[in-house]
Amino acid sequence: MNLNNDNYYSQESNIAFMSVSQYKNFVGSLGRLGCEYGAMEELYGRWIPKKSTAMLVGSYVDSYFEGSLAHFKMENPDVFTQKGELKAPFKNAEKIIARIERDEYFMKYMSGHKQVIMTGDLFGTDWKIKIDSYIPDVAIVDLKVMESITDLKWVKDYGYTDFVRYWNYDIQGAVYQEIVRQNTGKRLPFYIAAATKQEEPDIRIVHVTDNYLQEALSVVEANTPRILRIKGGGEQPERCELCDCCRHNRVLTKPISIMDLTAGI
Ligand SMILES: [Zn+2]
């Protein structure tokens with residue numbers, strides 16, 4: 001299957017290829033529990049997760065830098081009020097874009113080829129990636145819009161962590177770096193071009209160094225065989241019982257005990 005902008009997110013391509021977001025649906029990240037059942041329901045179109053405003057704001061900024069903002073607005077009329085004005089979160093997105101464009105150094109990282117699609121083989125299966133800004137021979141850059149760059153996140157049984165590992169962007173960097181290497185023979189550094197939604201937006205270029213990427217790749221290696229068995233139908237997906245998809249499909253057959261309410265603690 002040849003991937004392009006029209007079929008990249010299609011069901012056919014999601015079945016044929018692994019992607020970082022699909023991997024995270026199955027396995028989760030430090031900050032969000034994965035759900036094998038939800039991942040499979042989504043893969044086969046039986047569950048369509050709602051696009052959150054936060055995700056739309058990210059896509060808005062992405063599409064601006066890709067040069068496809070007009071198309072994005074057409075596809076997402078929800079960004080406008082009934083009067084045809086931008087809703088507040090998207091006015092804020094405009095402010096973030098203006099802040100980014102005011103910084104020459106940040107813009108250098110955003111100057112690569114936009115939304116570049118590549119495929120490769122990792123741990124016995126085909127993977128697809130889409131790079132926000134690819135500067136051949138120089139860097140792989142992913143643009144992220146977030147609440148805060150510097151606030152630490154608390155994870156139970158783990159402690160405080162930074163946004164990169166909380167959302168497992170190290171996994172994204174690891175997979176992108178390896179697939180670019182397979183396509184070009186070059187191992188390029190992975191950067192997150194980060195901008196915040198704060199009243200006064202913060203901007204930083206974060207180098208996710210190779211030691212973190214190598215560690216992340218070995219985690220992907222360990223988790224991929226089970227995902228492939230589930231995708232192939234050889235193993236039943238487990239339900240997390242906590243996500244929207246599990247709640248939507250819950251069928252009650254008996255009461256639970258008061259003990260079950262604290263079982264996770
Ligand atoms: Zn679930």
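Okay, let's start with a term: a salt bridge here is a side-chain nitrogen of Lys or Arg within 4 Å of a carboxyl oxygen of Asp or Glu. By that rule, the structure you see above holds 15 salt bridges. One thing to keep in mind from the start is that this is a predicted model.

Let me take a few of those bridges. Asp 162 pairs with Arg 165, and their closest N and O atoms are 2.7 Å apart. Are these two buried, exposed or partly exposed? Asp 162 counts as partly exposed because its relative accessibility is 21%, and Arg 165, at 27%, is partly exposed as well.

Next, have a look at Glu 241. Its side chain meets that of Arg 239 in a salt bridge, 3.4 Å from N to O. Glu 241 also has a salt bridge with Arg 250, and there the N to O distance is 2.8 Å.

Now for the metal. Which residues hold the zinc ion? The protein donors are the SG atoms of Cys 35, Cys 240, Cys 243 and Cys 246, and they lie 2.3 to 2.4 Å from the zinc. The angles among the four donor atoms run from 104 to 119°, and the site is tetrahedral.

On to some strands. Strand β8, residues 190–196, pairs with strand β9, residues 203–208, in the antiparallel sense, over six bridges. A hairpin of six residues joins β8 to β9. To get your bearings, find Ala 195, which stands opposite Ile 203 in β9.

Gln 115 is not a glycine, yet it has a positive phi of about 50°. You'll find Gln 115 in strand β3, residues 113–122. Asn 168 also has a positive phi of about 50° without being a glycine, and it lies in the loop between α8 (163–166) and α9 (169–184). Are they buried or exposed? Gln 115 has a relative accessible area of 13%, so it is buried. Asn 168 is at 13% relative accessibility, so it counts as buried too.

Last stop, the surface. Ile 256, Ile 258, Met 259 and Leu 261 make a nonpolar patch of about 510 Å². Ile 256 is in the segment after α11. Why do we call Ile 256 exposed? Because its relative accessible area is 60%, and the cut-off for exposed is over 50%.

Technical notes:
Residues numbered from 1 in each chain as written. Predicted model: local features only at pLDDT ≥ 70, side-chain atom pairs only at ≥ 80, totals over all residues. Heavy atoms only, no water. Donors = N, O, S within 2.8 Å, 3.2 Å for Na, K, Ca; no water. Tetrahedral: all angles 85-135°; square planar, octahedral: opposite > 155°, others 65-115°. Pairing = 2+ DSSP bridges. Helix = DSSP H or I, 4+ residues; strand = E, 2+ residues; numbered from the N terminus. Patch = residues over 30% accessible without salt bridge, like charges linked within 9 Å, V, L, I, M, F, W, Y side chains within 5 Å. Areas by Shrake-Rupley, 256 points an atom, 1.4 Å probe, with all protein chains shown as cover. Buried < 20%, exposed > 50% of the residue type's maximum accessible area, 1.4 Å probe, protein only.
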